[in-house]
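Welcome! Please take a moment with the sequence and the 3D view below, and then we can walk through a few of the details together.

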Amino acid sequence: MLSNVSRMWKKNTPKISVPTSTSSAMPSSTTSGMPLAPVAATTAASAWLLDPVVNKVFIDHDRHLLWLIGIGVFAVFALKSVASYLQDVLLAYVGQHAVSDIQNRLFKHLIHDDVAIFQAQASGTLVSHFTYDINMMRGAVSNTLLGMGRDALSVVFLIGVVIYQ
C-alpha cells in the first residue's frame, strides 16, 4: 500500500522549477544583486580605515584626523547599511514573486491532476508543499547566491586593500 502511494506521489508530484520568466514590472535577480558591490566595497573601506585610526590617531595622537576619520567611519557604515537594506528589499521582492510564480504553477498542475492524489495524500502535506517547502527553497537559493556573491566581491576588495596598503 505504501509503495503504491509513494509511486503515485512521485508520478503525480508537480515538478518544481525556478521560474525562467518573470513579470516585466519586477526587478530581475541581477538588479537585486547590484548592491553587492557597494556592500563589499564598504567592507573593504572599513578595513582600510583601520590603518589611519591605529597609526595616525592612536600612535601619532593627531587630533585633527580623529574627527575626519570618525566622519569617514560613520559615512562608510551608513553607506553599507543603505546598500544592505536596498539589497534585502530587492531580494525579498524578487523572491516573493518567484514564490508566487512557483505556487501558481503548482496550483495549475494540481487542479488538472487526478483525484486519487487527494485521496492518497494528506491535505497538510499538500499545503506544506505550497507554503513551507517553496519558501525554504527560495531562502536557500537566495541566501546561497547572495552570500557567495557578496563574499567573493569582499575578498577581491580586501585583497585590493592589502595590496594598496
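Is arginine 105 buried, partly exposed or exposed? Arginine 105 counts as partly exposed, because its relative accessibility is 33%. Here buried means under 20% relative accessible area, exposed means over 50%, and partly exposed lies in between (1.4 Å probe, protein chains only).

Before going on, a word on the background. This is a predicted model, in which local features need pLDDT of at least 70 and side-chain atom pairs count only at pLDDT 80 or more, while totals for chains, interfaces and linings use all residues. Residues are numbered from 1 along each chain as its sequence is written, and side-chain values use heavy atoms, leaving out hydrogens and water.

Arginine 105 has a partner: it forms a salt bridge with aspartate 101, and their closest N and O atoms are 3.4 Å apart. The term stands for a side-chain nitrogen of Lys or Arg within 4 Å of a carboxyl oxygen of Asp or Glu. A search of the whole structure finds one salt bridge. The two residues are separated by about one helical turn, because they are four residues apart in helix 5. Helices are DSSP runs (H or I, at least four residues), numbered from the N terminus.

Leucine 90 is also found in helix 5. The table gathers some accessibility values.

| Residue | Relative accessibility | Class |
|---|---|---|
| Arginine 105 | 33% | partly exposed |
| Leucine 90 | 22% | partly exposed |
| Aspartate 101 | 21% | partly exposed |

**The nonpolar core**

The largest nonpolar core has seven residues: Val99, Ile102, Leu106, Leu110, Leu126, Phe130 and Ile134. Such a core is a set of buried Ala, Val, Leu, Ile, Met, Phe, Trp, Tyr and Cys residues joined through side-chain atoms within 4.5 Å. Helix 5 (63-111) and helix 7 each supply at least two residues of this core, and helix 5 gives the most, with four. Beyond its neighbours within four places in sequence, valine 99 is in contact (heavy atoms within 4.5 Å) with Ile134, Asn135 and Arg138.

**Helix 3 against helix 7**

Helix 3 (residues 36-48) packs with helix 7 (residues 123-164) at an angle of about 35 degrees, and their axes are 8 Å apart. Axes are lines fitted to C-alpha atoms, for helices over the stretch in contact, and angles run from 0 to 180 degrees between N-to-C directions. Among the residues that meet are Leu36 and Trp48 in helix 3, and Leu146 and Tyr164 in helix 7.
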